[in-house]
Number of protein chains: 2
Amino acid sequence: MAASTLSEVARLAGVSLATASRVLNGSSRKPAEDIAERVREAADKLGYVPNAQAQALAKSSSGLIGLIVHDIADPYFSAIARGVQEAARQQNRMVLLASTSGAPADEKEAVAAFAARRADSIVIAGSRSVRTEDKQGNAELAAELDRYCRNGGHVGVVGHPVVGASTAEGYHVVQVPNEELAAGLAAELAGTHRGAFLIVAGPEGLYTSDDRVRGFQRGLADAGRPEAEVIRTGFNRAGGYEAGLALAERIKSSTERLCIFAVNDVMAIGVTAALRPEGVWIPRDATIAGFDDIETLRDFRPALSTVHLPLEDIGRLAAGDPDTPPVSGAVKLRRSTETPVESQV
Amino acid sequence: MAASTLSEVARLAGVSLATASRVLNGSSRKPAEDIAERVREAADKLGYVPNAQAQALAKSSSGLIGLIVHDIADPYFSAIARGVQEAARQQNRMVLLASTSGAPADEKEAVAAFAARRADSIVIAGSRSVRTEDKQGNAELAAELDRYCRNGGHVGVVGHPVVGASTAEGYHVVQVPNEELAAGLAAELAGTHRGAFLIVAGPEGLYTSDDRVRGFQRGLADAGRPEAEVIRTGFNRAGGYEAGLALAERIKSSTERLCIFAVNDVMAIGVTAALRPEGVWIPRDATIAGFDDIETLRDFRPALSTVHLPLEDIGRLAAGDPDTPPVSGAVKLRRSTETPVESQV
DNA sequence: TTCTTGTGGGAAAGCGCATTCCCGTTGACA
DNA sequence: TGTCAACGGGAATGCGCTTTCCCACAAGAA
């Protein structure tokens with residue numbers, strides 16, 4: 001990648017480097033109009049494209065914002081990414097992308113890479129975990145983040161702070177009221193569902209999952225209902241599918257209707273997909289609710305009850321957009337938790 | 001963003017800048033082990049993170065790969081993005097993201113921004129168009145790309161070349177056999193469907209849409225079937241929804257079964273969503289097929305007949321991954337085009 | 001022992017740009 | 001007409017790094 005440089009432009013225009021710089025790349029000092037015009041002409045003729053790297057080096061500010069997600073193809077993350085991207089665009093910056101499959105070690109590496117590129121800020125989406133196998137990774141990630149913040153970087157984390165990260169200057173957590181919303185969902189479901197509840201959760205130690213489980217249980221308790229059984233599985237569609245397979249027999253042989261809370265939408269879809277070929281229909285034989293309100297899944301049938309999360313706004317907030325309202329979700333009861341009239345107790 | 005510099009490390013280790021550089025940031029010359037160790041210790045103690053901007057400036061190669069999509073939250077694009085991301089990771093590079101909503105003018109700007117950052121290569125996903133309102137934008141985009149290529153950049157375009165771009169060195173188009181695949185789909189559908197066909201297409205001038213329409217018509221013709229009527233609408237879910245609304249009455253009042261080909265999956269979903277509340281059921285009252293085989297939509301019911309496209313591979317290919325097999329799609333007939341036994345003619 | 005060759009560290013020259021500081025010019029004012 | 005401030009352009013420095021070139025030294029050959 002070579003291209004014409006500012007000094008070439010300056011030479012062609014017959015002015016100094018300084019003047020050319022002032023004309024082309026926004027400075028507080030505005031050279032005279034005739035000179036400016038000459039410089040612009042020269043730049044145009046040469047097809048001058050300023051070297052952002054060099055500018056960044058000279059100004060020590062890169063205009064970059066780093067985004068860390070588990071998987072960019074996951075609709076949850078891509079929705080957040082859209083928000084980050086929009087915020088970046090408004091701030092006239094560009095976003096650097098890193099996918100890590102959720103491994104803290106990879107995230108640490110990504111942070112280091114962003115730091116190397118001198119990104120002005122870093123957004124970490126994707127749930128934190130306290131699983132023992134992630135312990136060392138988390139510590140290293142926290143250390144890397146601390147260093148980045150100490151060097152003047154801004155960090156926005158979605159959901160939960162990185163374990164062990166000190167609350168340094170520039171460290172910012174976008175709170176997502178998972179627990180409250182899950183409690184709200186449980187309360188609403190408890191109002192119409194008479195039978196037992198069951199939770200299909202992610203692995204223990206995953207904050208997002210744990211919060212939603214805790215909230216749901218609390219909501220049930222507040223409604224005077226017994227605690228729900230919890231099934232642990234993968235935090236994705238495959239996990240839900242697996243859980244669905246395990247549940248099918250049980251649902252078919254039981255007389256009591258079950259209400260399933262899957263801790264996110266794609267897991268709920270997985271459960272449903274596994275149940276269907278077994279002849280278990282939603283909401284006829286069991287009901288199910290998810291969490292996130294993924295846009296792409298909104299046309300899914302039966303329409304999935306879930307908790308709406310303003311994912312785009314979350315992304316914007318994490319990217320430091322000041323005009324974005326704070327996160328506020330909402331319970332959305334839809335077809336998948338409707339109790340058929342004839343089977344109501 | 002300030003951090004400790006190489007010269008600080010060098011001073012602390014008591015060596016020269018050159019030596020420190022050679023030790024820390026891969027060079028062909030390997031200093032003696034004891035010295036190297038000293039440098040590494042110093043770097044570690046200072047928390048040294050190499051400044052990639054400066055490295056890029058010195059080496060004139062940034063390790064960046066720019067990705068342009070219409071909308072990162074669209075599952076079509078996020079799937080491609082995943083592929084690009086993976087390829088980048090393998091090549092030890094980072095991806096820079098830009099969303100443009102498909103406007104050539106924005107794309108041109110994105111290319112310029114990538115060029116400014118001296119990205120090693122640029123991937124443009126998202127369909128090209130020849131609509132008159134895009135004419136000037138396309139020309140400017142082409143000029144910008146040409147300049148980028150002439151300066152040694154590599155560009156990979158998904159689907160169709162940018163209108164007006166000269167086939168300069170480094171310009172690479174990932175061919176997607178839209179027409180052939182659409183023809184294949186039509187052939188298969190013509191085998192089971194006896195009634196009329198209708199195409200819900202994107203706006204005229206959009207290559208991807210036009211190719212699929214043309215292919216489908218050709219497939220029909222080859223099967224001895226009359227040409228299908230074409231409805232033009234937006235190339236997204238909303239467009240499909242609109243078309244669905246317009247079609248509902250017609251389907252209900254006609255005795256002939258209609259087979260709808262929506263030129264992409266989300267449009268097909270939109271059509272279906274609009275039809276359902278009108279009492280038009282798929283595949284009972286009409287059948288429908290899409291294109292792309294979006295992963296998130298795979299659990300949709302009735303399962304959508306579609307054409308599978310290896311989107312991740314496409315992303316990888318566009319990012320210049322040599323180990324990725326060429327693009328080859330496949331027709332997937334599923335429930336949405338099954339002709340109910342009782343209504344077969 | 002002397003000359004050659006090879007080895008490895010250091011000095012310095014950029015990479016492309018922003019910015020500070022300097023200086024010549026001009027206009028206002030007395 | 002003389003003085004001073006304000007203005008605007010240019011030279012030079014430095015951002016953090018890579019890399020070439022140079023040189024000192026040691027080891028091998030003659």
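Predicted model: local features only at pLDDT ≥ 70, side-chain atom pairs only at ≥ 80, totals over all residues.
Chain A contains 12 helices and 11 strands. The C-alpha trace of this chain spans about 90 × 40 × 30 Å along its principal axes. The radius of gyration of chain A is 26 Å, whereas a compact globule of 345 residues would have a value near 20 Å.

The two chains superpose with an RMSD of 0.1 Å when chain A is laid on chain B. At the interface, 48 residues of chain A are in contact with 48 residues of chain B. On the side of chain A that touches chain B, at least two residues are supplied by each of α4 (52–59), α5 (75–90), β2 (94–99), α6 and α11 (265–275). By class, the residues on this side of chain A comprise 27 nonpolar, 13 polar and eight charged. Of the interface residues of chain A, 100% are also interface residues in chain B, so the copies meet through the same surface.

Within chain A, one helix pair is formed by α6 (residues 104–116) and α7 (residues 135–150). Their axes come within 8 Å and cross at roughly 15 degrees. Because this angle is under 35 degrees, α6(A) is roughly parallel to α7(A). The crossing of α6(A) and α7(A) is left-handed. On the α6(A) side, the residues that meet α7(A) are A:Pro104, A:Ala105, A:Glu107, A:Lys108, A:Val111, A:Ala112 and A:Ala115. Their counterparts in α7(A) are A:Gly137, A:Asn138, A:Glu140, A:Leu141, A:Glu144, A:Leu145 and A:Tyr148. The contact of α6(A) with α7(A) has eight nonpolar, two polar and four charged residues.

A further pair in chain A consists of α8 (residues 178–192) and α9 (residues 207–222). The axes of these helices come within 7 Å, and the crossing angle is roughly 40 degrees. That angle makes α8(A) oblique to α9(A). The crossing in which α8(A) passes α9(A) is right-handed. Residues of α8(A) in the contact include A:Asn178, A:Glu179, A:Glu180, A:Leu181, A:Ala182 and A:Ala190. From α9(A), the contributing residues include A:Thr208, A:Asp211, A:Arg212, A:Arg214, A:Phe216 and A:Asp222. The contact of α8(A) with α9(A) divides by class into nine nonpolar, five polar and seven charged residues.

In chain B, helix α8 (residues 178–192) packs with helix α9 (residues 207–222) at an angle of about 40 degrees, and the axes are 7 Å apart. The arrangement of α8(B) relative to α9(B) is therefore oblique. α8(B) passes α9(B) in a right-handed crossing. Among the residues of α8(B) that make the contact are B:Gly184, B:Leu185, B:Ala186, B:Ala187 and B:Ala190. Those of α9(B) include B:Gly215, B:Phe216, B:Arg218, B:Gly219 and B:Leu220. In the contact of α8(B) with α9(B), nine residues are nonpolar, five are polar and seven are charged.

Local backbone features were also examined. In chain A, a cis peptide bond joins A:Ile282 and A:Pro283, with omega about 0 degrees. A:Pro283 is located in the loop between α11 and β9 (286–289) of chain A. In chain B, the peptide bond from B:Arg301 to B:Pro302 is cis, and its omega is near -5 degrees. B:Pro302 lies in the loop between β9 (286–289) and β10 (306–308) of chain B. B:Asn92 has a positive phi of about 60 degrees, although this residue is not a glycine. The position of B:Asn92 is in the loop between α5 (75–90) and β2 (94–99) of chain B.

Methods. Residues numbered from 1 in each chain as written. Chains lettered and ligands numbered in written order. Axes fitted to C-alpha atoms, helices over the stretch in contact; angles between N-to-C directions. Helix = DSSP H or I, 4+ residues; strand = E, 2+ residues; numbered from the N terminus. Parallel < 35°, antiparallel > 145°, perpendicular 65-115°, else oblique. Left-handed = near helix turned anticlockwise from the far one by under 90°. Contact = placed C-beta atoms within 7 Å. Nonpolar A, V, L, I, M, F, W, Y, C, P; charged D, E, K, R; others polar. Least-squares fit on C-alpha atoms with pLDDT ≥ 70 in both. Rg over C-alpha atoms; globule rule 2.2 N^0.38 Å.
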